[in-house]
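Let's walk through this fold together, starting with a strand, moving to a pair of helices and ending at the ligand. Keep the structure open as you read.

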Amino acid sequence: MNSKEVLLAEIGHRITAAMPNLGCVLETTAEELGRVMGAGCVLFLESEQDPGLLEPLCSWHEDADYMEFIRAELAGAPLRLGEGLTGKVAQSGESLVIPEVTPEQLARMVDPRHLPIVEARPVRSMMVVALPSLSGPIGALTLFFPEVKGPANTGDLRFVERLASCAGLVISNTQTFERLQAELAHREQAEAERLELERRIQHAQKLESLGVLAGGIAHDFNNLLVGILGNASLALLDLPPESPARESVHQIELTARRASELTHQLLAYSGKGRFVVTRIDLSRLVEEITHLLEVTISKKAVLKFDFASVVLPVEADATQMRQVVMNLITNASDAVGETSGIITIATGMTEADERYLSGSWLPEPVPPGTYTYLEVSDTGQGMSPAALARIFEPFYSTKGSGRGLGLAAVLGIVRGHNGALKVYSEPGRGTTIKVLLPCAEPAELLPGSPGEVLPVPADGSTVLLADDEETVRSVGRRVLERAGYRVMTASDGKEAVEIFEARADDIDLVLLDMTMPRLSGAEAYARIRSIRPEVPTLLSSGYNEQDATSRFAGKGLAGFLQKPWTAQSLVEAVERVLRSNGEAER
Ligand SMILES: Nc1ncnc2c1ncn2[C@@H]1O[C@H](COP(=O)(O)OP(=O)(O)OP(=O)(O)O)[C@@H](O)[C@H]1O
Ligand SMILES: [Mg+2]
């Protein structure tokens with residue numbers, strides 16, 4: 001649009017804004033014009049939707065029934081530009097005056113479809129004037145008289161023409177203004193969408209780099225924690241019961257365990273903690289940790305369950321799912337605080353369409369479809385929209401003792417499981433957080449109950465332990481040797497393969513770290529299996545590249561040992577594998 005058009009549109013808008021309603025003003029104009037001229041009056045406008053068609057915009061006749069009849073006739077047989085008397089004037093812009101006409105003459109002039117109109121009442125005289133605009137006529141004003149108009153009609157014609165030119169200008173400028181408004185609104189919306197997208201990308205990049213950082217720190221810390229935890233438990237075994245140092249060493253162990261909870265959250269946030277994916281029933285997973293949840297929550301809170309009546313199969317890492325439940329429940333309990341409140345855990349299935357998903361916290365876009373959900377609601381203090389916008393940021397916390405990692409970890413876990421998160425919160429009313437996970441095929445749900453636990457004599461069993469961290473190797477060796485195993489160690493994947501090649505038949509179990517130089521855990525595992533496919537192999541890591549673990553899926557891995565392991569969890573994992581292997585051989 002050029003500046004003149006904009007100015008005209010603006011003036012047109014001001015004129016129309018000064019009037020309460022253009023349509024209503026035109027109606028009264030038609031009526032007043034009709035009365036002053038002693039005529040029936042119809043104002044036609046070219047249709048915006050259907051160019052070439054003339055729509056009656058307003059009309060008047062002293063006989064309201066007749067006017068109604070005309071409107072109905074015109075609706076059934078619309079006027080077209082260039083056809084009939086009105087259509088010709090609306091096209092050419094030339095005014096037309098018929099001072100005197102007989103019904104027979106008129107019948108020959110009008111569009112045959114409109115004969116009923118001129119037959120219903122005698123029309124003896126007519127005046128048709130174009131509605132002008134800057135870009136040409138946009139319609140016409142038709143007056144029809146019941147009696148013959150005398151020669152005085154030249155003055156009348158000028159008056160009607162001036163009136164029509166005012167009306168035409170106002171109408172066309174209003175239309176231009178409306179189009180301009182729509183265009184501006186459209187542009188503003190496009191700009192807002194672009195800015196929002198930019199903001200999201202920046203946010204995602206920020207979180208991504210924080211994730212890399214968090215994952216790296218957690219990985220290195222986990223190796224250090226293996227050293228601290230392992231040495232603390234070995235020291236406890238060595239110290240006599242009456243030693244005054246026991247309490248301090250015990251505290252070291254407890255503190256290191258708390259630190260390992262932290263690295264767990266960091267790992268989950270970085271999306272690098274998803275290791276053991278199985279088919280689980282979401283409701284049963286929650287049920288199994290009910291006792292834990294009950295001791296976690298505030299004494300003032302009542303815990304309620306609302307489980308789906310059907311099995312809800314999901315492909316998930318059970319440990320991580322428990323972490324999600326615990327983090328959400330802890331937050332709900334903190335939100336309820338010292339006042340009494342209710343915390344509800346619900347599970348179920350829901351249809352999520354694009355609209356529903358667009359209102360969610362999507363770590364990555366997910367397709368619409370059926371989702372399994374886990375929902376934790378509380379009647380606690382709720383959150384303001386400003387707080388709500390930040391809750392998934394790592395280290396965002398409003399609590400004195402909070403680390404701000406709970407929901408960041410939840411987000412990382414949900415990302416790792418291709419899910420989505422919905423959050424509703426109102427200050428003073430409470431919060432609901434819904435975790436949506438893709439449904440798995442129900443048929444393949446794994447049977448749950450673990451088998452009977454049999455003690456295994458460690459005598460004679462040999463473990464090959466490969467890890468690039470010296471501390472991990474030395475603690476691992478001492479812990480396992482103390483439990484009665486023979487231990488060989490390798491400082492990287494290549495060395496592990498070489499030792500295995502030389503001593504394949506002497507080795508009963510291989511414990512591989514995932515990230516090692518020269519040959520990674522995955523590569524070493526593949527080579528070891530090609531030498532002796534049935535050797536049970538345990539994988540251990542402080543974190544893991546997700547695709548690397550998926551390469552392991554279904555390839556007979558005996559288990560996964562999350563770092564930092566403790567003396568106890570290491571021995572238990574090794575025992576469990578050897579036991580189930582022994583059973584399989586029997
Ligand atoms: N159910 C809830 N009701 C009200 N506010 C909540 C709720 N859940 C989370 N928040 C808000 O989101 C913030 C971040 O939660 P998050 O779990 O990530 O960290 P935190 O609970 O503060 O610390 P951490 O979980 O690491 O101990 C909280 O500090 C709190 O302000
Ligand atoms: Mg929390």
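A residue counts as buried if 20 or more other C-beta atoms lie within 10 Å of its own, as exposed if 12 or fewer do, and as partly exposed in between, with C-beta atoms placed from the backbone. What you're looking at is a predicted model, where local features need pLDDT of at least 70 and side-chain atom pairs count only at pLDDT 80 or more, while totals for chains, interfaces and linings use all residues. Residues are numbered from 1 along each chain as its sequence is written, and chains are lettered from A and ligands numbered from 1 in the order in which they are written.

First, the overall picture. The protein chain has 586 residues, and 37% of them are buried. Its secondary structure amounts to 19 helices and 18 strands; these are DSSP runs numbered from the N terminus, with helices being H or I of at least four residues and strands E of at least two. Take the contacts (C-beta atoms, placed from the backbone, within 7 Å) with a separation of 6 or more: 73% of them link residues 24 or more positions apart.

Now find strand β6, residues 139-145, where seven of seven residues are buried. Both of its faces are covered, with G139, L141, L143 and F145 on one side and A140, T142 and F144 on the other. What does β6 pair with? Strands pair if DSSP finds at least two bridges between them. β1 (residues 40-46) runs antiparallel to β6 and is joined to it by six bridges, with V42 partnering T142.

Next, the helices. Two packed helices are described by the angle and the distance between their axes. For α16 (residues 493-503) and α17 (residues 521-531), the axes come within 9 Å and cross at roughly 10°; axes are lines fitted to C-alpha atoms over the stretch in contact, and angles run from 0 to 180 degrees between N-to-C directions. The two helices are therefore roughly parallel, a label for angles under 35 degrees, with over 145 being roughly antiparallel, 65 to 115 roughly perpendicular and the rest oblique. Among the residues making the contact are F500 of α16 and I528 of α17.

Finally, ligand 1. Of the 23 residues around it, N331, A335, S397, G402 and G406 come nearest; being near means having a C-beta atom, placed from the backbone, within 6 Å. The largest share of this shell, four residues, comes from α11.

Technical notes. Contact = placed C-beta atoms within 7 Å.
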